[in-house]
Amino acid sequence: MSYTVIKNLRMIVGDGRPAIENAVLAFVNRPEIKDDQLIYCGPAKDFDPQLVTDDKCFELDLSDGCYTVLPGLINTHVHLDLELPYLPYLVDKWGDSYRTLVVYRRACEALLCGVTTVRGVGIVGACEIALKKAIEKNLVWGPRIITCGSSLAPHAGHGSTTPGKVLCSGADEFIKGVRSQLAQNVDQIKLIYTGGLAGAYEGTLDIQMTEEEIAAVINVAHNNSKKVAAHLSNDRAIAQAVRLGLDSVEHAYTLSEETARMMAEKGTYLTPTLCVSHCNGYMRELGVPEYTLRKQEAAAAEHIASCRRAGQAGVTLCTGTDLLPSDPIDGTTPTIREAELMVEDVGLTPLEAIKAATYNGARLCDIDNVTGTLEAAKSGDFIIVEGKPDENIRDLRNIKLISKGCRLVTSKLPVFTKNNFPVLAPGIPCEGGVFKRW
């Protein structure tokens, strides 16, 4: 057993508190492969050297620059099997075996982008569930995964032309659908409730599920201690779902002040996925149809305004992208770009945006006892960036070190340039994303 102590850096705990200007981060390293724990996170003046009781102690002094440590990023809206452009007909070009390898590769890429936890909100088959289990058993290396398994969708509803949806009609079929996912030990349940931007023959104002169907799903899921997330595009459907007890709203292209207040009162989470309506250049290069691009452009301004109303009402905002965490957009990656949009367009402070990307996401995923903040006894999921992202959110682009479970993922720090545990083999390009690859 050995210890690592990182000194002379700034620290953002993640829960909204101001940064600690002169901080120490210390953790224990065990020889067996497992999540190690943080043993101290706080001001340098309060650090007790007696916490480090072993002769084997590695000290990392970051006094050569301005560095800030913060919790690993949490992306709460990911489809690791995303394939673009969407097709207007149902076809599976990959198959289960190849899809599993693609999903694993993309999970590794997420980790290399500083995203230490992803919430999968709909995927084909059980590959994500299997990958989560393999990572937890240390068979393979990757981020923490919170999985919804396969999405439940109404027949002919949004996304029904993409593989892997559990298509249902009527409350009884939706109940069976929920139970089919519970049987696979999913963490949460995902519903497709309304129309969206991608479909050729639907609008964002369409409501594709009935109250009886949504109420049945929520009842069964909550009886089994599972949260329910739903693809929701419009205010009327969001209000309906929140009244029925929905836990997590995804997208919210239109959201009124009244509905936002109701969400805040009921503790409903919102993952707005602003990147979806603000990535037209990237989508166009991927060959996404013009009808989708037009709908994205039309939704963009109101999407921002809706998110602003949610923030002003006190809704708990989380950071999710719908794009892969490693997609290259606007000179950075989607999780970081989402945080930037929260600050630059929605009006959050940088600390609030960082809280959305860390602590709030951990609460939504029910892992805030493990990660989401830098506190003693929590797992060491953290990133070190050059600069002060709590003052300039764009400093998040300057990631210099990534750790998951106190295990080094990668480092570009001048005083610590080795890569102890490469996620991808040398020589394999790591730029990531769906861009010109699959």
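Which residue in strand 3 is the bridge partner of Phe-27? Leu-38 takes that place. Here are a few notes to go with this predicted model, starting from the whole chain and coming back to that pair.

1. Overall build. The protein is made of 11 helices and 18 strands. Its C-alpha trace covers about 65 × 45 × 45 Å along the principal axes.

2. Of the 438 residues in the protein, 59% are buried. Looking at contacts with a separation of 6 or more, 67% are between residues 24 or more positions apart.

3. The side chains include 45 positive and 54 negative ones, with the centres of the two sets 2 Å apart.

4. Strand 2 and its neighbours. Strand 1 (residues 2-11) runs antiparallel to strand 2, and seven bridges join the two. Within that pairing, Val-5 sits opposite Ala-26 of strand 2. Strand 2 is also joined to strand 3 (residues 38-43) by five bridges, again in an antiparallel arrangement. The pair from the opening question, Phe-27 and Leu-38, is a bridge to strand 3.

5. Asn-185. Please take a look at the backbone here. Most residues other than glycine have a negative phi. Asn-185, however, has a positive phi near 65°. The residue belongs to the loop that links helix 3 (171-182) with strand 11 (188-192). Is Asn-185 buried or exposed? Its relative accessibility is 57%, and the cut-off for exposed is over 50%, so Asn-185 counts as exposed.

6. Ser-225. Ser-225 is found in the loop between helix 4 (211-223) and strand 12 (227-232). With a relative accessibility of 69%, Ser-225 counts as exposed.

Notes
Residues are numbered from 1 along each chain as its sequence is written. This is a predicted model: local features need pLDDT of at least 70, side-chain atom pairs count only at pLDDT 80 or more; totals for chains, interfaces and linings use all residues. Side-chain values use heavy atoms; hydrogens and water are left out. Helices (H or I, at least four residues) and strands (E, at least two) are DSSP runs, numbered from the N terminus. Buried means under 20% relative accessible area, exposed over 50%, partly exposed in between (1.4 Å probe, protein chains only). Contact means heavy atoms within 4.5 Å. Lys and Arg count as positive and Asp and Glu as negative; His and the chain ends are not counted. The place of a charge is taken as NZ of Lys, CZ of Arg, CG of Asp or CD of Glu. Two strands pair if DSSP finds at least two bridges between them.
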